[in-house]
Amino acid sequence: KISAELAGQSVLVGKIDCDAESNLGTRFHITKYPTIKYVRNGQTGRKEYRGQRSAQAFLDFVKEQIKSPVHEFEDLQELAKLEDKHQYVIGYFESKESPEYDNFRKVAALL
């Protein structure tokens, strides 16, 4: 169900038996079962999935994680509306196809 729902979104879903693949259990610090982890841009996600053990709940979690962390602003007035109590990283790019934008997006996903 999850794979079908996320088809075409660069999301791979897999299942690993850590008893048979103990090196992966060690690599990802899996100490209890079941454990659900996600990896983004080669990095383990900041938080483990701790929600309900249903396909729909996990699907909702994945959808939240794959949202773009980059918000595009059309004019400076939108920047003035940002809340002072939060911290922001602001970048300016000529094109979304540039390698600089791609790096910015990847770093933003880790923050």
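Modeller: Start with glutamine 65, which sits in helix 3. Helices here are DSSP runs of H or I with at least four residues, strands are runs of E with at least two, and both are numbered from the N terminus. This is a predicted model, where local features need pLDDT of at least 70, side-chain atom pairs count only at pLDDT 80 or more, and totals for chains, interfaces and linings use all residues. Residues are numbered from 1 along each chain as its sequence is written, and side-chain values use heavy atoms, with hydrogens and water left out.

Colleague: Why is glutamine 65 called buried?

Modeller: Its relative accessible area is 14%. Buried means under 20%, exposed means over 50%, and partly exposed lies in between, with a 1.4 Å probe and protein chains only. So glutamine 65 counts as buried.

Colleague: What does glutamine 65 touch?

Modeller: Tyr38, Arg40 and Lys47, not counting residues up to four places away in sequence. Contact means heavy atoms within 4.5 Å. Tyrosine 38 has its own list, again leaving aside neighbours within four places: Gln43, Thr44, Gly45, Arg46, Lys47, Phe61 and Gln65.

Colleague: Which other residues of helix 3 are buried?

Modeller: Besides Gln65, they are Ala57, Phe58, Leu59, Phe61 and Val62. Their cover includes helix 1 (2–5) and strand 1.

Colleague: How do you know that alanine 57 is buried?

Modeller: Alanine 57 has a relative accessible area of 17%, which is under the 20% limit, so the label holds. Alanine 57 is in helix 3. Aspartate 75 is 18 residues from alanine 57 in sequence, and 37 Å away in space, C-alpha to C-alpha.

Colleague: What makes up the largest nonpolar core?

Modeller: Nine residues: Ile2, Leu6, Tyr38, Tyr49, Ala57, Phe58, Leu59, Phe61 and Val62. Helix 3 (residues 55–65) gives the most to this core, with five residues. The term covers buried Ala, Val, Leu, Ile, Met, Phe, Trp, Tyr and Cys residues joined through side-chain atoms within 4.5 Å.

Colleague: What patch do Val89, Val107 and Leu111 form?

Modeller: A nonpolar one on the surface, with about 300 Å² of accessible area together. Areas come from the Shrake-Rupley method with a 1.4 Å probe; for residues, only the protein chains shown count as cover. Patch residues need over 30% relative accessible area and no salt bridge; like charges are joined within 9 Å, and nonpolar side chains (Val, Leu, Ile, Met, Phe, Trp, Tyr) within 5 Å. A salt bridge puts a side-chain nitrogen of Lys or Arg within 4 Å of a carboxyl oxygen of Asp or Glu.

Colleague: Is histidine 29 buried or exposed?

Modeller: Exposed, because 62% relative accessibility is over 50%. Histidine 29 is in the loop between helix 2 (22–27) and strand 1 (39–40). Histidine 29 also has a positive phi of about 55°, although it is not a glycine.
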